[in-house]
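The sequence and structure come next.

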Amino acid sequence: MANLKEIRNRISSVSSTMQITSAMKMVSAAKLKKAQDAITAMRPYAEKLTELLQNVSATLEGDAGGEFTSQREINKVLVVAITSNRGLCGAFNTNVIKQAKVVADSYVGKQVDVFAIGKKGNDVLRKTNTVVANKSEVFDNLTFDNVAEIAEVLTEKFTSGEYDKIELVYNQFKNAATQIVQTEQFLPLAPIASDKPVSSGDYIFEPSKEEIVLTLIPKSLKTQLYKAVRDSFAAEHGARMTAMHKATDNATELRNQLKLTYNKARQAAITNEILEIVGGAEALNG
């Protein structure tokens, strides 16, 4: 059985770890509330903008989307992997990294590069894939304008012909305990997948439909990327809060087991001392 000093040191170490994980859980819980409110408030706008764009573009003839809808032969693909800058959030980053590799491996014989948003994804994917850029600093000040700059870079890479297809891989926030790995086509714009006829709606167009569509598409792309980054940001805090909650529970259980072991060892030591005293007394009497 381990000596008492060693057990006391382990109890102290586990208690310190438990305090850290408990504090991290509370910090993530506070940040999660703000991040959850932001993505919840944004989703209706993003969905309505997409619906409006689809309704209007569906009534146009020909290639109304211009260079944004250009369907080219796929030779070069860019995978945008959205992870976090920090760890201790369970399988949050691992799931995105695995999915990014699955997407990359699905394009056999094609050139597949990675555009990392998040330090953790960049650190791992650069070992097996070509990472053309890392925009982890966006999480230091997560605003629409900062994400829009990244969307413009991605759009330029597609419209210039540098890449024929761009896909997003990220964690979608469902609730604090659940994150869903999503793979979305960013460019070219995917056609509407619906069996229902799309109505143009009761719209008054000024200027023409074509000009409106070409104006809405860049804004829609920026909104799509911002929603993905916001989703990932909220999912990160949810995953970290859940992971730290489990870590705190495990540390508490381990501390209780160590205390029980310590009490048993202490009781055994006291019993041995009593036996030695009694044995010594009997020897003197004899």
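Leaving aside neighbours within four places in sequence, which residues is Ile 82 in contact with? The model is predicted, with local features needing pLDDT of at least 70 and side-chain atom pairs pLDDT 80 or more, while totals for chains, interfaces and linings use all residues. Residues are numbered from 1 along each chain as its sequence is written, and side-chain values use heavy atoms, without hydrogens and water.

With contact meaning heavy atoms within 4.5 Å, Ile 82 meets Val 96, Ile 117, Phe 139, Val 169, Tyr 170, Leu 225, Ala 228, Val 229 and Ser 232.

A nonpolar core is a set of buried Ala, Val, Leu, Ile, Met, Phe, Trp, Tyr and Cys residues joined through side-chain atoms within 4.5 Å; buried means under 20% relative accessible area with a 1.4 Å probe, protein chains only.

| Core | Residues | Members include |
|---|---|---|
| Largest | 46 residues | Ile 82, Ile 117, Leu 154, Phe 186, Leu 225 |
| Second, separate | 13 residues | Val 79, Ala 104, Tyr 107, Leu 125 |

Helices (H or I, at least four residues) and strands (E, at least two) are DSSP runs, numbered from the N terminus. H5 gives the most, with 14 residues.

Ser 136 lies in the loop between strand E3 (130-134) and helix H4 (144-159). This serine counts as buried because its relative accessibility is 16%. Beyond four places in sequence, Ser 136 touches Asn 85, Gly 118 and Lys 119.

Conventions. Buried < 20%, exposed > 50% of the residue type's maximum accessible area, 1.4 Å probe, protein only.
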